[in-house]
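Please look at the sequence and the model as they come up.

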Amino acid sequence: MALYLLIFAVTLVVVGGSIAMLMLARTPRYRTEPQHLLRLFERVLNGQASESEWHTVVGYPIRHDAYLEGVRRSAQRIMEEHGRSLRSQQGGSLLSRTGREELTALHDHLAARLALEEGRREF
């Protein structure tokens, strides 16, 4: 009987501890930062990014920054209008020439805004 109570107590502690840890743990969250978008845009413009990488970053909504959400939506629109998924699978670029030009403008605008914000933080 003592062995039964010991096993029951150990099981109760392990199960209770597991439940407590699950109740107190937060769910993981991914937070897209401007640097993530800039890095992705650079990889796309250099022909190094895959379509799945693009959709992983651009397909995830940004709720903490309205400006970044606008940039993400603009990038998504560029892919919808100028994307070339079949060509990218054969080693080509994800975007047509017009799409790359628009993405370059979007990249430059985001980089300038980020540099301006960092300049303000220094003062």
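This is a predicted model: local features need pLDDT of at least 70, side-chain atom pairs count only at pLDDT 80 or more; totals for chains, interfaces and linings use all residues.

I begin with serine 96, which, leaving aside its neighbours within four places in sequence, is in contact with His82 and Arg84; contact means heavy atoms within 4.5 Å. Residues are numbered from 1 along each chain as its sequence is written, and side-chain values use heavy atoms, with hydrogens and water left out.

Serine 96 lies in the loop between α5 (85-89) and α6. Helices here are DSSP runs of H or I with at least four residues, strands are runs of E with at least two, and both are numbered from the N terminus. At 17% relative accessibility, serine 96 counts as buried. The terms are these: buried means under 20% relative accessible area, exposed means over 50%, and partly exposed lies in between, with a 1.4 Å probe and protein chains only.

Arginine 97 belongs to helix α6. With a relative accessibility of 62%, arginine 97 counts as exposed. Between arginine 97 and phenylalanine 41 there are 56 residues in sequence and 14 Å in space, C-alpha to C-alpha.

Let me now turn to the chain as a whole. How many helices and strands does the protein chain have? There are 6 helices and 0 strands, and from the N terminus on the elements run α-α-α-α-α-α. The C-alpha trace spans about 80 × 50 × 20 Å along its principal axes. The radius of gyration of the protein chain is 23 Å, whereas a compact globule of 123 residues would have one near 14 Å; this radius is taken over C-alpha atoms, and the globule rule is 2.2 Å times the number of residues to the power 0.38. Of the 123 residues, 25% count as buried. Among contacts with a separation of 6 or more, 56% are made by residues 24 or more positions apart.

The next topic is the interior. In soluble globular proteins, nonpolar side chains tend to be buried together. In this model the largest nonpolar core has 21 residues, and those with the most contacts inside it are Leu37, Phe41, Val44 and Trp54. α2, α3, α4 (66-82) and α6 (97-122) each supply at least two residues of this core. A nonpolar core is a set of buried Ala, Val, Leu, Ile, Met, Phe, Trp, Tyr and Cys residues joined through side-chain atoms within 4.5 Å.

Phenylalanine 41 is buried, its relative accessible area being 0%. Leaving aside its neighbours within four places in sequence, phenylalanine 41 is in contact with Trp54, Val71, Ala75, Leu103, Leu106, His107 and Leu110.

Threonine 32 lies in the loop between α1 and α2 and, at 2% relative accessibility, counts as buried. Its contacts, leaving aside neighbours within four places in sequence, are Leu37, Tyr60, Ile62, His64 and Leu68. Arginine 63, in the loop between α3 and α4, is exposed, with a relative accessible area of 73%. Arginine 63 and threonine 32 are 31 residues apart in sequence and 9.2 Å apart in space, C-alpha to C-alpha.

I close with the aromatic rings. The structure holds 2 aromatic pairs. The rings of tyrosine 4 and phenylalanine 8 have their centres 6.5 Å apart and their planes at 20 degrees, so this pair is stacked. Rings of Phe, Tyr and Trp (its six-membered ring) pair if their centres lie within 6.5 Å; planes under 30 degrees apart count as stacked, over 60 as edge-to-face and the rest as tilted. Tyrosine 4 and phenylalanine 8 both lie in helix α1 (residues 2-24), 4 residues apart, about one turn of the helix. Tyrosine 4 counts as exposed at 54% relative accessibility, and phenylalanine 8 is partly exposed at 47%.

Why is the pair of phenylalanine 41 and tryptophan 54 described as tilted? The ring centres of phenylalanine 41 and tryptophan 54 are 6.2 Å apart and the planes are at 35 degrees, so the pair is tilted. This pair links distant parts of the chain, with phenylalanine 41 in helix α2 (residues 34-45) and tryptophan 54 in helix α3 (residues 51-58), 13 residues apart. Tryptophan 54 counts as buried, at 1% relative accessibility.
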